Amino acid sequence: MTRDTSSAFGPADWSARTRLVRGGVNRSGFSETSEALYLNSGFVYESAEEAEASFNGEKDRFVYSRFRNPTIDVFEERLALIEGARFCRSTASGMAAVFAALACTVKAGDRVVASRALFGSCRYIIAEILPSWGVEVEFVHGPDLDAWAEAFRRPAKAVFVETPSNPTLELVDLQAVADLAHAAGALVIVDNVFATPILQRPFALGADVVVYSATKHIDGQGRCLGGAILTNDQTWFEEKIGLFLRHTGPCLSPFNAWVLAKGLETLDLRVQRHVENAETVARFLEGRLGRGIARVIYPTLDSHPQAALARRQMTAGGTIVALEVENGKEGAFRLLNRLSLIDISNNLGDAKSLICHPATTTHASLPDEEKVAQGLTPGLLRLSVGLEDAGDLVRDLEIALG
Ligand SMILES: *Cc1c(COP(=O)(O)O)cnc(C)c1O
């Protein structure tokens with residue numbers, strides 16, 4: 001007897017947790033349990049005719065790993081299933097995904113609107129590269145809906161938002177901004193890295209395109225770089241992003257795709273634990289206000305000015321806590337140098353708790369007035385809360401705070 005695998009209970013019926021574990025599985029003739037790793041660049045053909053048919057579009061098959069690869073397919077299909085998107089393409093890094101999404105959407109003379117508080121390299125693409133190509137760019141204070149409405153009084157080709165933002169955890173009301181953006185003709189691109197696919201579903205809130213740095217929570221164990229672009233817009237996917245990636249070549253390595261596909265299997269579990277730990281750490285730091293700590297920022301804390309939006313738009317507050325230490329840079333550096341468990345590192349979303357001083361590292365290149373505008377004070381630290389025992393993390397902070 002053989003099992004009927006074409007049963008009525010397929011990926012479309014599965015819940016998100018099942019999709020994380022089983023989505024995209026495509027076993028080879030060896031019937032391996034875990035996903036196989038196809039670490040190859042090219043493919044061979046049975047005949048000259050088959051090669052011809054593969055290039056003229058008559059035959060759908062793997063041709064070259066810059067276009068598609070079986071292991072990369074598994075990662076893309078799994079992520080698409082989780083996100084609820086029809087199409088997904090992976091990239092070598094998160095920045096390759098962000099750049100491709102913008103570069104294949106806008107041309108000279110177009111206008112792009114973006115939230116002001118962005119990951120440094122996203123900001124560089126929008127503030128430096130796009131204008132040098134004749135694209136008009138406008139930055140908006142993310143939480144200010146009146147400012148978004150004002151910006152969309154003129155037509156725009158794309159809007160790029162990051163929510164929660166790095167490192168000050170400002171939120172953008174995705175549904176409200178998507179409605180305004182669509183009325184102005186803009187494609188809505190959301191960088192969902194901080195929220196992860198588990199805690200925020202941008203497509204349900206009006207996004208047209210979602211981009212990820214898979215380097216962060218999707219790998220989640222500090223092993224490799226990767227990125228992804230997801231959309232339900234078939235025309236954009238087929239006529240723009242698909243061709244752009246195929247011909248410019250920022251493709252993911254099959255090895256990294258394999259690591260990331262396996263990372264997705266535990267993403268839900270890990271993010272839940274990250275969130276529990278982040279909530280514990282945030283509450284501990286709130287208890288230290290006035291005793292070494294000047295401010296704690298975490299989206300679902302009552303003290304966050306957008307806590308109501310956070311609770312509506314996300315299922316939890318995320319994995320990152322921002323804290324402002326008393327005595328500015330000196331106080332911040334002192335705390336960093338006194339930690340013994342939490343590592344000083346600019347990565348995030350890792351199993352290991354990582355902390356950094358954005359003003360002198362990730363955001364060092366921002367002009368001083370832009371740092372002020374973004375609330376990037378000298379005492380601000382960004383803590384990516386890991387999977388260690390929460391009590392140990394609190395103890396490490398307690399000792400370091402003295
Ligand atoms: C890290 C990050 C990126 C860039 O991803 P890489 O994989 O490092 O290229 C983009 N956006 C956000 C919000 C990030 O945190």
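**A predicted model in questions and answers**

Q: In what order do the five strands of the open sheet stand?
A: Strands of a sheet pair through backbone hydrogen bonds, either parallel or antiparallel. Here a strand is a DSSP run of E with at least two residues, numbered from the N terminus, and two strands pair if DSSP finds at least two bridges between them. In this open sheet the pairing is mixed, and the order is 8-9-12-11-10.

Q: What kind of model is this?
A: Residues are numbered from 1 along each chain as its sequence is written, and side-chain values use heavy atoms, without hydrogens and water. Local features need pLDDT of at least 70, side-chain atom pairs count only at pLDDT 80 or more, while totals for chains, interfaces and linings use all residues, for the model is predicted.

Q: Which strands are the edge strands of the sheet?
A: An edge strand pairs on one side only. In the order 8-9-12-11-10, the edge strands are strand 8 (293-297) and strand 10 (343-344).

Q: Which residue in strand 12 is the bridge partner of Leu323?
A: Strand 9 (residues 320-325) and strand 12 (residues 380-384) pair in the antiparallel sense over five bridges. The partner of Leu323 in strand 12 is Leu381.

Q: Which residues are the closest to the ligand?
A: A residue counts as near if one of its heavy atoms lies within 4 Å of the molecule. The ligand is surrounded by 13 residues. The closest are Gly94, Asp191, Ser213, Thr215 and Lys216.

Q: How many Å separate an oxygen atom of the ligand from an N or O atom in the side chain of Ser213?
A: A polar contact is a pair of N or O atoms within 3.5 Å; within protein, one must be able to donate a hydrogen and the other to accept it, and residues adjacent in sequence count only if both atoms are side-chain atoms. Polar backbone atoms of Gly94 and Met95 each have a ligand oxygen at 2.8 Å. For the side chain of Ser213, the distance is 2.7 Å.

Q: What percentage of the ligand's accessible area does the protein cover?
A: Accessible areas come from the Shrake-Rupley method with a 1.4 Å probe; for residues, only the protein chains shown count as cover. On its own, the ligand has 380 Å² of accessible area. The protein covers 92%.

Q: What is the volume of the largest cavity?
A: On a 1 Å grid over the protein atoms alone, a cavity is a set of points where a 1.4 Å probe fits but cannot get out, and a pocket is an open set with protein on both sides within 12 Å along at least five of seven lines; lining residues have an atom within 4 Å of a point. Grid points are joined across faces, edges and corners, and a volume is the space filled by probe spheres set on the points. The whole structure has one cavity of 30 Å³ or more. Its volume is about 80 Å³.

Q: Which element gives the most to the lining of the largest pocket?
A: About 570 Å³ of space lies in the largest pocket. Its lining has 26 residues, with Asp60, Phe67, Arg68, Arg89 and Arg246 the closest to its centre. Helices are DSSP runs of H or I with at least four residues. With six residues, the top contributor is helix 9.

Q: Where does Pro164 lie?
A: The peptide bond from Thr163 to Pro164 is cis, with omega near -5°. Pro164 is in the loop between strand 4 (158-162) and helix 7 (174-183).
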